[in-house]
Amino acid sequence: MPALRDRQRFRCKQFEGNIAVEALVRHYVVLYRCSAFPVVRADGSAVGLVTLSRLREVPAHMRTTLTAAEVAVPMERVVTARPDDLVVDVLARFTVGSGR
């Protein structure tokens with residue numbers, strides 16, 4: 001059975017939570033082929049995950065004041081995995097009705 005490390009093809013850019021949504025969209029989202037971006041603290045610990053869906057929900061007039069941390073899905077709601085986890089085990093975490 002393959003592990004995640006055997007299937008991962010690229011890494012997405014991660015951002016500190018204080019970046020404004022406008023800057024995130026303008027300078028990064030259009031450059032990277034990802035549907036979600038990790039948001040981290042200055043020490044590198046995870047805050048959450050900013051998805052394209054969440055970014056689209058931000059009203060235009062609030063994009064310069066809201067930060068990535070404020071619109072990110074909190075880590076307690078994000079399915080996480082380690083490189084050595086088996087793909088089949090990770091897929092099982094995405095169950096119907098889990099909200100993930």
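## The salt bridge

E22 forms a salt bridge with R26, and their closest N and O atoms are 2.5 Å apart; the term denotes a side-chain nitrogen of Lys or Arg within 4 Å of a carboxyl oxygen of Asp or Glu. One salt bridge is found in a search of the whole structure. Both E22 and R26 belong to helix α2 (residues 21-29), where they lie four residues apart, about one turn of the helix. Helices (H or I, at least four residues) and strands (E, at least two) are DSSP runs, numbered from the N terminus.

E22 counts as partly exposed because its relative accessibility is 24%, whereas R26, at 54%, counts as exposed. Buried means under 20% relative accessible area, exposed over 50%, and partly exposed in between (1.4 Å probe, protein chains only).

## Basis of the report

The model is predicted: local features need pLDDT of at least 70, side-chain atom pairs count only at pLDDT 80 or more, and totals for chains, interfaces and linings use all residues. Residues are numbered from 1 along each chain as its sequence is written, and side-chain values use heavy atoms, with hydrogens and water left out.

## The sheet

Four strands form an open sheet of mixed pairing, in the order β1-β2-β3-β4. β1 (15-16) and β4 (73-74) stand at the edges, each with a single partner strand, so one side of each has no neighbour in the sheet. Two strands pair if DSSP finds at least two bridges between them.

Strand β3 (residues 46-51) runs antiparallel to β4, and two bridges join them. L49 has V73 in β4 as its bridge partner.

## The nonpolar core

A nonpolar core is a set of buried Ala, Val, Leu, Ile, Met, Phe, Trp, Tyr and Cys residues joined through side-chain atoms within 4.5 Å. The largest one has 15 residues, of which V21, L24, V50, L55, A68 and V71 touch the most other members. At least two residues of this core come from each of α2, β2 (36-40) and α4, and α2 gives the most, with three residues.

Leaving out residues up to four places away in sequence, L24 touches F15, I19, V29, V50, L55 and A68; contact means heavy atoms within 4.5 Å.

## A buried threonine

T67 is found in the loop between α3 (52-57) and α4 (68-71). With 18% relative accessibility, T67 counts as buried. Apart from neighbours within four places in sequence, T67 is in contact with G17, N18, I19, A20 and V21.
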